[in-house]
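I opened the file today to look up the ligand site and the backbone. My notes follow in the order I made them.

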Amino acid sequence: MTAVRVAVTGASGQVAYSIFPRIAAGEMFGKDVEVDIRLVDIPPMIEKTKGVMMELEDGAYPLLAGLSATSDRMIGFKDADWVLLVGSRPRGPGMERNDLIGANGPIFVDDGKAIAAVAAPGVRVAVVGNPCNTNCLIARAAAGPKVPDDRWSAMTRLDQNRARSLLAAKTGARVRDVKKLVIWGNHSSTLLPEFGNATVGGKPATAAAEKGWLEGDFVKEVQGRGAAIIAARGVSSAFSAAQAVVDHVKSLLTPTPADDWFSAAVVSDGSYGVPKGLVSSFPLRSTGNGGYEIVQGVALDAFAKGKLDATVAELQKERDVVKDLL
Ligand code: LMR
């Protein structure tokens, strides 16, 4: 079997730095799957990626079949099976993620065009750089019809992981006992960690934790966790974001257990009234090969519906802001 070719932008950055050893060790694509890792970054940063390459070489990873670095997307994305779009300016203290649209939007136009031009016919793309939903929308539009809607996703897995950890801590459970707790909408301070369908140890989350806490502090804490980390560290999350990228790709590549869902932002097909074409997070089930289905028939109560409307309204506003890039 040929190696999985995976290109990662923002290769000299902190999130990528935490992703690379995981990919090389087989944690993303499997312990028996060889990988060809392409580090992609902008010209001023490309020198720094040499150090990252040296560390990857020094890891002597048995699965590492190829390794290269370039500031030219047309080289880095060539025949790529997966493209992880991490490269973008991160937010600082006091900023919302969508304050970055102006700085980051154009990057994703170039990413999308290069993916359509040279990536493998079956390429899958995961957008991590913020605001990731709208950056994914931009890249997807720039790529055109050659790369179908279902190949594109943006990462809300960090929020899902945060939500599951928080609910587990509150209820005295283990994270692995929390199921079907997924994120709807935008990776932003309007996101909905939907607890009405979640279970803890097989029982409804609403029986394990107080409704007032779930609707109040729980939602607020998950929505504000990225900002809280920036306030505490002075810089944004890095290894937890990398963990979420690994989980995101693995969830798409692994059949979803019968008692669970996972979340990622994907191109809406109109499900749950989310306008077609918006990149919004949904409950998903993997088909086991990188593909997914949006879980249908999930009951949302009035609280969840109100929050979903708000986060979708924000996504529509972001789309209006970038309409010249679409
Ligand atoms: C996060 O959620 O930690 C990242 O998206 C970084 C940020 O800006 O919050």
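Where is the place of Pro131? I found Pro131 in the loop between β5 (124-127) and α5 (132-143). I note that the model is a predicted one.

I then checked the peptide bond from Asn130 to Pro131, and it is cis, with omega near -5 degrees. Next I looked up Ala60, which has a positive phi of about 45 degrees although it is not a glycine. Ala60 is placed in the loop between α2 (46-58) and β3 (64-70). I wrote both down because most residues other than glycine have a negative phi, and most peptide bonds are trans.

Asn130 came up again at the ligand. I listed the residues around the ligand as Arg91, Arg97, Asn130, Leu158, Arg162, His187, Gly226, Ile230, Ser236 and Ser237. By class, two residues of this shell are nonpolar, five are polar and three are charged.

An N or O atom in the side chain of Asn130 is 2.8 Å from an oxygen atom of the ligand. For Arg162, a polar side-chain atom lies 2.7 Å from a ligand oxygen atom. For His187, I also read 2.7 Å between a polar side-chain atom and an oxygen atom of the ligand. The ligand taken alone exposes 260 Å², and the protein buries 93% of that.

Where does the ligand sit? I found the ligand in the largest pocket. The helices α6 (157-171) and α8 (211-233) each supply at least two residues of the shell. Domain 1 (2-154) and domain 2 (157-325) both give residues to the shell, so the ligand lies between them.

Methods
Residues are numbered from 1 along each chain as its sequence is written. This is a predicted model: local features need pLDDT of at least 70, side-chain atom pairs count only at pLDDT 80 or more; totals for chains, interfaces and linings use all residues. Side-chain values use heavy atoms; hydrogens and water are left out. A residue is near a molecule or strand if one of its heavy atoms lies within 4 Å of it. A polar contact is a pair of N or O atoms within 3.5 Å; within protein, one must be able to donate a hydrogen and the other to accept it, and residues adjacent in sequence count only if both atoms are side-chain atoms. Accessible areas come from the Shrake-Rupley method with a 1.4 Å probe; for residues, only the protein chains shown count as cover. On a 1 Å grid over the protein atoms alone, a cavity is a set of points where a 1.4 Å probe fits but cannot get out, and a pocket is an open set with protein on both sides within 12 Å along at least five of seven lines; lining residues have an atom within 4 Å of a point. A molecule sits in a cavity or pocket if more than half of its atoms lie within 2 Å of its grid points. Helices (H or I, at least four residues) and strands (E, at least two) are DSSP runs, numbered from the N terminus. Ala, Val, Leu, Ile, Met, Phe, Trp, Tyr, Cys and Pro count as nonpolar, Asp, Glu, Lys and Arg as charged, and the others, Gly among them, as polar. Domain bounds come from an automatic or database domain assignment.
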